[in-house]
Amino acid sequence: MIQPGSNGWIKKYISLIKSDQISLDIDLPDGADEQSYLHASIGRTGLCFGHATRFIFAKNISDKRWTNEERLQFLLLEAHLLCYRVRVKEDFNTEDFIDALVDFYGKHSDYSISKLFTFFLKESKEEQLENILEKRVDIKVKYLENKIWINYLNNVFSYLDVILFNEFLQHRKSTTFFNYDEMAMNALTAIILSIHSDGNIESNEKSLFSLFLASANLSETQRYVIEKRFKEGASFNDFTASPKKNWLFRRFIIDLSSFIIYANHEALPEEKVFLMELCFYMGYEEKEYNESLALTEQFIIENQKTLPFLKSSSTIEKVYSSLSKRWIKVLGRNKDKLATELKQSKELVYLIKKSTVSELSKEEKEIVKTQFLDIVKSMPSLAIFMLPGGAFLLPIVLKIIPDLIPSAFRDNEVKKDDL
């Protein structure tokens, strides 16, 4: 149907949109922050970890014959499209989107991108973008110490393009200062801090650092600076001020740091302290910290069978345990209000109790999702459930609720025959 990497795939994608085979409808909750929505929508796809796990709009596209690089190219285009779709709510059309994306990459501060345009001037805009996206997910293999990792994770820094494109859409009528290199240097510094946070550098962490450094496509001078920081250590003083002004980039730093720590083992106390300090330094509160960890843990749990460094059963069990403990704390702060709301929904109470002893059917899961989301609308601290991908936490939450607020179930015992 469509094959990224082959000539004309972007035109094919556009044709699928125009024929209504791909829907560009977005479900932005009323009152939801656009930045948070973009972060949650794109974050759950795996793009910010360099491994495409799902697509944004093309939900029914078969990608079985695609390579990992092709999946990431396709996802990168969709992430750009989502940014444009959120920003341009009225009079949206695909031609304007293509024009904006070509304009963005033509002004990109990364030298390797600007240079590419001198070779593609005779090609159509869609063909130019196909070549650009292919280059953006590519990794300079010669810089990799462990080349096998490229078979599992691709260029995590392609997500920086999305962050910069979103900024471009906000300021395109003025002179926008793009600095991909500065963002990449800051992200790598955060990775170094995360690796060093427990005082022990593991082999997996070395391989991840090598992969991320190769992905960044830095100059030799910049590589020297980063490699020196990796050997000697880094500090918060090594961050520059400019990228801290971009909300999506700051969240990307938290996501990457969480991934580095939780992908290898259960987070040690000093590592948890570091993550909280990093969140505070970046201007985020505990709510953002919990959301970032939920995103990371979702990725780890979903990809434990495909990414070799996540296959340790003990690691996955600890991730589940960590996730459960944190959400017991989050839900505990709202347990009185949650209990009151649950008492009003006999069907939801019944299904929650059932979920603790047996698997719910597809229809029952949808009922739980719909009714639970209606409840958490009145609880701002649980707003993560309202964002794309937030419902993945439901199975864990359903296990927690009976122990956390048993009174809601004692006072409102429901038998199946009553429904």
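Select Asp 99. Its relative accessibility is 34%, so Asp 99 counts as partly exposed; that class lies between buried (under 20% relative accessible area) and exposed (over 50%), with a 1.4 Å probe and protein chains only.

A salt bridge here means a side-chain nitrogen of Lys or Arg within 4 Å of a carboxyl oxygen of Asp or Glu. Helices are DSSP runs of H or I, at least four residues long, numbered from the N terminus.

The model is predicted: local features need pLDDT of at least 70, side-chain atom pairs count only at pLDDT 80 or more, and totals for chains, interfaces and linings use all residues. Residues are numbered from 1 along each chain as its sequence is written, and side-chain values use heavy atoms, leaving out hydrogens and water.

Next, select Glu 34 and Arg 87. Their closest N and O atoms are 3.2 Å apart, a salt bridge. Glu 34 sits in helix 2 (residues 34-43) and Arg 87 in helix 3 (residues 68-87), so this pair links parts 53 residues apart in sequence. Glu 34 is partly exposed at 22%; Arg 87 is partly exposed at 26%.

Move to Asp 63 and Arg 71. Is Arg 71 buried or exposed? Arg 71 is buried, at 16% relative accessibility. Asp 63 is partly exposed, at 23%. Their salt bridge has its closest N and O atoms 3.1 Å apart.

Finally, zoom out: the whole structure holds eight salt bridges.

Definitions and conventions
Helix = DSSP H or I, 4+ residues; strand = E, 2+ residues; numbered from the N terminus.
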